[in-house]
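My notes follow in the order in which I checked them.

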Amino acid sequence: MRIIKKDKIVKAVKDLCIKSNFEIDKDIERLMEKAYKEENDILPKEVIRDILKNCSIAKDKKIPMCQDTGLTVVFVKKGEEVQVDGGLEEAIQDGVRKGYREGYFRKSIVDPLTRKNTEDNTPATIHTSLVKGDRLKITVVPRGFGSENMGKASMLDIGNCVKEVKKFVLDSVKESGGNSCPPVVIGIGIGGTLEKAALLAKESLINDSEDSHKNVTVRKLEKDLLKEINKLDIGPGGLGGKTTALRVTIKTYPTHIAGLPVAINIGCWCHRVQTVIL
Amino acid sequence: MKKIRLPLDEKIISGLNAGDRVLLTGIIYTARDATHKRLADCIKNKKKLPLELRNQMIYYTGPAPEKPKQIIGSCGPTTSSRMDEYTPSLLEKGLKGMIGKGDRSKEVVSEIKKHKAIYFIAPGGCGALLSQTVKKCDLVAYGELGCEAIYKLEIKDFPAIVGIDCNGKNIYNRR
């Protein structure tokens, strides 16, 4: 059994919170620069130029790219041969608390009904899974709610599965319009149960465009959806243009003969992901 | 790019069309969800408002905390549609301008037209960039709401686009 001290995890999570809010994801930056070249009209071009300028100010001056520094979602892949000395959950929450205090980030977490703020941006929403090995992989995804609010899950008809999924996704993106700060990244989960599909959608948001699905049908669906979404003319900032989405990533999981659970999770252009392996 | 000096007046507003790019300079007030609810309650219960809304501009934002020696933290726009249900009563009180992101309800568009007001959109997610245009930030009311409090901001060359003009023309109505 490999033992990892709590302090090491606290520091790692704190650093991931800080880095993710100051620095644009490399894959998104690359796709954004490509989009800047492809847009012709002045308004969409201007929006992307502002975004790129914003990111360079954020990185240089250590100011969060977006004031909505988010609800912190943390994915943990814990090796079966790893033991955390001092408690994993507590370590992650401590790391988030420290990161948001030291980074001067906004504390956006409230009780869902009374709306009372917890004042330290905890609790983070943590998803842990057990994997083989003696490593601990931690991914921090601060989720702004302009885009999180545009997510959806649904149980679709199984008649023509691909057609049903396409309609669900395109309708959801249309409805989100400029609210989710396009150009967006789109994560889709298909299969399992209602909650599994929602989790798959979030997990697929972490994948980058190099991480395309191995299954040919799914890969084609990702490509087709990206193309069709970018024909919606929502565009950067919702002001029209060719780039509504920078990428579409899908995760699937076997489901029941009677059902087709599907979920969409939209990430704003400022989609933040940072990972560390301890 | 048109340079606009605040406060807004009828002449400035009537000269702006949906899609125009502007740089705003002058005073604006921050307010988002919780604050709108309080302001609307004040109006409903005929209580005194903590600020004079006549001819003023509200910016939908909840800034991140400022670091030492910083004027304001990251302060980009939040989704405006959440404020839609409260906006008509604020316009009734003389509010002339709003800055946020995303489309507004049909009712808000028609109230903007009725009151000859205007809705601007700021670049979404660009809180770091926009924070550089804020030259002064003072607490006005509801300090206990933290980032949702009302702050008076002095801005210089704040970039925005006219989203809905005083004739009800809406930049999001292209489709």
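**Conventions.** I take helices (H or I, at least four residues) and strands (E, at least two) as DSSP runs, numbered from the N terminus. The model is predicted, so I keep local features at pLDDT of at least 70 and side-chain atom pairs at pLDDT 80 or more, while totals for chains, interfaces and linings use all residues. Residues are numbered from 1 along each chain as its sequence is written, chains are lettered from A and ligands numbered from 1 in the order in which they are written, and side-chain values use heavy atoms, without hydrogens and water.

**Helix 4 of chain B.** I looked just past the end of this helix and found Lys116(B) with a positive phi of about 50 degrees. Within helix 4 (residues 106-114), I list Val108(B), Val109(B), Glu111(B) and Ile112(B) as buried. Buried means under 20% relative accessible area, exposed over 50% and partly exposed in between, with a 1.4 Å probe and protein chains only. Down the helix axis these buried residues fall within an arc of 165 degrees, so they line one face of helix 4 of chain B. The arc is taken over the directions from the helix axis to the C-beta atoms. On the face turned away from the buried side I find the exposed Lys106(B) and Lys114(B). The buried residues pack against helix 3 (87-92), strand 4 (97-100), strand 5 (118-121) and strand 7 of chain B; contact here means heavy atoms within 4.5 Å.

**Asn170(B).** I place this residue in the segment after strand 7 (150-164) of chain B. Asn170(B) is buried, at a relative accessible area of 9%. Its side chain makes a polar contact of 2.9 Å with that of Asp103(B). A polar contact is a pair of N or O atoms within 3.5 Å; within protein, one must be able to donate a hydrogen and the other to accept it, and residues adjacent in sequence count only if both atoms are side-chain atoms. Outside four places in sequence, the contacts of Asn170(B) include Val109(B), one of the buried residues of helix 4 of chain B.

**Asn230(A).** I find this one in the loop between helix 8 (216-229) and strand 8 (245-255) of chain A. Asn230(A) is partly exposed, with a relative accessible area of 21%. Its side chain reaches the backbone nitrogen of Thr244(A) at 2.8 Å.

**Sheet in chain A.** I traced an open sheet of four strands, in the order 4-2-5-10, with mixed pairing. Strands pair if DSSP finds at least two bridges between them. Strand 4 (125-131) and strand 10 (274-277) of chain A are the edges, each with a single partner strand, so one side of each has no neighbour in the sheet. Strand 2 (residues 71-79) and strand 4 of chain A run parallel, joined by seven bridges; Val74(A) has Ile126(A) as its bridge partner.

**Cores.** The largest nonpolar core has 54 residues, and I note Leu239(A), Trp269(A) and Ile112(B) as those with the most contacts inside it. Such a core is a set of buried Ala, Val, Leu, Ile, Met, Phe, Trp, Tyr and Cys residues joined through side-chain atoms within 4.5 Å. Helix 3 of chain A gives the most to this core, seven residues. A second, separate core has 26 residues, including Ile4(B) and Leu6(B).
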